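Visitor: Could you walk me through this structure, one question at a time?

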Amino acid sequence: MEHTPPPFFKRGPAPVVRLAFFASLSFALLILDARFRYVDGLRDVLALAAYPFQKAATAPITLAQRTTEFFVSQAQLRSENSALRAELLNAARDAQRYQTASAELAQLRRANDMRTRFDRQTIPAEVLYTGRDPYDYKVVLDKGRQHAVTAGSLVIDADGAIGQITRVHTLVSEVTLITDKAQAIPVQIVRNGLRAVAFGAGASGMIELRFLPANADVLTGDRLVTSGIDGSYPAGVAVATVVRVERDAQQAFARVVCEPVAGVDRSRYVLVLAGEDLRPDYPLAEQARRSAKRRSSAGNRRGAE
Amino acid sequence: MAPNKPQHILQPVRPSTIVASFSVALLLAFLPWPDMRYVPDFVALVLVFWCVHQPRLIGLGVGWVIGLVADAGNGVLLGQHALAYALLAFFAITLSRRILWFGPWYQALHVAPLLLLAEAVVMVVRLAAGAALPGWPILIGPLIGAALWPLVSWLLLLPQRRALEAGAL
């Protein structure tokens with residue numbers, strides 16, 4: 001007879017062993033995800049599992065908002081209506097000017113044999129919820145791969161850029177806000193066309209222009225728009241306004257702090273600027289040699305740097 | 001707050017109660033809170049509760065899988081909450097023999113360091129991945145979570161207790 005404990009007391013491997021197992025599994029996943037991004041398929045499946053909870057969590061708030069919207073007073077509606085009418089007139093005037101201007105621009109560009117900048121397809125989306133993680137600045141939108149959202153697209157609200165799509169799931173997608181420390185966006189100063197790269201400044205809700213020389217021509221109040229030269233963003237989307245310029249003789253670079261013009265942490269309804277990039281491939285050394293053939297069949301190539 | 005008196009013999013737990021409690025916790029976690037740092041980690045709280053009360057049913061494996069779902073739902077590095085919840089489950093199971101002899105508020109004192117540990121694990125992973133220090137408000141969430149422990153444990157024991165009273169009548 002063997003002396004084994006009765007099955008009554010059997011509890012599988014000891015907790016320490018299990019802990020070691022799951023901890024090493026976690027570390028493996030972390031490294032695979034952080035270094036190689038090998039686990040995006042698994043993430044997609046898990047995100048689908050989390051989706052009902054996300055949707056259910058936001059449902060009561062959406063319902064409450066709709067209910068309060070229903071019970072607004074007539075006076076309020078009237079005043080809002082007249083304000084909107086006035087705004088519409090202004091907008092219509094601007095739109096007419098814009099139409100003429102864009103037609104003129106297209107004509108001039110044709111005359112100069114330059115590429116026309118196409119309007120991108122837009123996908124309206126709603127912010128489902130903000131990421132639970134207090135370490136980075138992300139929001140989740142209610143549109144995903146099924147709605148033709150692609151990674152790398154710019155996300156804007158009525159006032160300007162709020163972020164970039166960094167991950168697309170089946171039904172939802174993640175936006176890294178422009179205030180995130182890891183988010184870079186190529187910009188241009190409207191006043192003088194100076195190009196720069198804007199980085200998020202994290203918790204302060206500001207963004208910074210880095211690597212600008214201390215004598216760069218930047219003034220407080222300068223407006224920044226996307227430059228469009230990176231190929232993934234359209235040009236001319238408002239990004240931020242310079243609020244502070246610090247020039248320190250000890251430092252090689254100026255410290256330029258800007259405030260986003262869009263409601264980066266407030267906007268609920270946003271637009272995803274999708275559509276493909278129509279510019280030619282970034283010329284590599286070997287491509288440059290026989291560029292003429294290549295360029296006609298160029299696909300889109302993002303982040304070509 | 002009704003204390004969990006030792007002479008109470010509770011009904012056996014139904015699996016549906018456990019599933020429902022985790023679902024509600026995930027739902028609360030995904031609510032659009034204005035500032036995430038002050039929000040306790042409800043999933044961790046529920047996980048600690050079941051590890052303490054049902055260490056045979058709920059353990060490291062369940063904690064790990066739920067951590068993965070939380071990671072994917074929040075769009076953070078896959079595995080950070082999984083690691084934190086596996087550690088949390090381990091310590092909760094280790095404490096499960098001891099903790100139930102205390103009243104609810106002393107239990108909360110046991111739970112607070114566990115929740116702080118889980119938060120610290122997530123923070124260390126984030127720092128290793130290159131994030132900036134989040135500042136001291138990050139401690140508030142776990143402490144509020146520990147303060148909610150008596151309420152949570154009273155709520156989660158309710159189905160078992162109510163079944164008992166209905167049977168007595």
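## Reading a predicted model

Guide: Let us begin with confidence, since this is a predicted model. In chain A, pLDDT stays under 50 over residues 299-305, a stretch for which the model has 11 contacts beyond four places in sequence. Where pLDDT is low, the predicted coordinates should not be read in detail.

Visitor: What pLDDT does chain A average?

Guide: Of the residues of chain A, 82% score at least 70. The average pLDDT of chain A is 80.

Visitor: Is Val270(A) buried or exposed?

Guide: Val270(A) has its place in strand β12 of chain A, residues 269-273, and among the residues that Val270(A) touches are Leu141(A), Val155(A) and Ile162(A). Around Val270(A) there are 23 other C-beta atoms within 10 Å, and a residue counts as buried if that number is 20 or more. Val270(A) is therefore buried.

Visitor: Which element gives the most to the side of chain B that touches chain A?

Guide: In this pairing, 36 residues of chain B are in contact with 37 residues of chain A. The elements that give two or more residues to that side of chain B are α1, α3, α4 and α5 of chain B. With eight residues, the element that gives the most is α4(B).

Visitor: How far apart are the end C-alpha atoms of helix α4 of chain B?

Guide: Helix α4 of chain B has 20 residues, 80-99, and at 1.5 Å a residue it should span 28 Å. There is also a kink of about 30° in α4(B), centred on Ile93(B).

Definitions and conventions. Residues are numbered from 1 along each chain as its sequence is written. Chains are lettered from A and ligands numbered from 1 in the order in which they are written. This is a predicted model: local features need pLDDT of at least 70, side-chain atom pairs count only at pLDDT 80 or more; totals for chains, interfaces and linings use all residues. pLDDT is the predictor's confidence in each residue, from 0 to 100. Two residues are in contact if their C-beta atoms, placed from the backbone, lie within 7 Å. Helices (H or I, at least four residues) and strands (E, at least two) are DSSP runs, numbered from the N terminus. The expected span of a helix is 1.5 Å times one less than its number of residues. The bend at a residue is the angle between axes fitted to the seven residues ending there and the seven starting there. A residue is buried if 20 or more other C-beta atoms lie within 10 Å of its own, exposed if 12 or fewer, and partly exposed in between; C-beta atoms are placed from the backbone.
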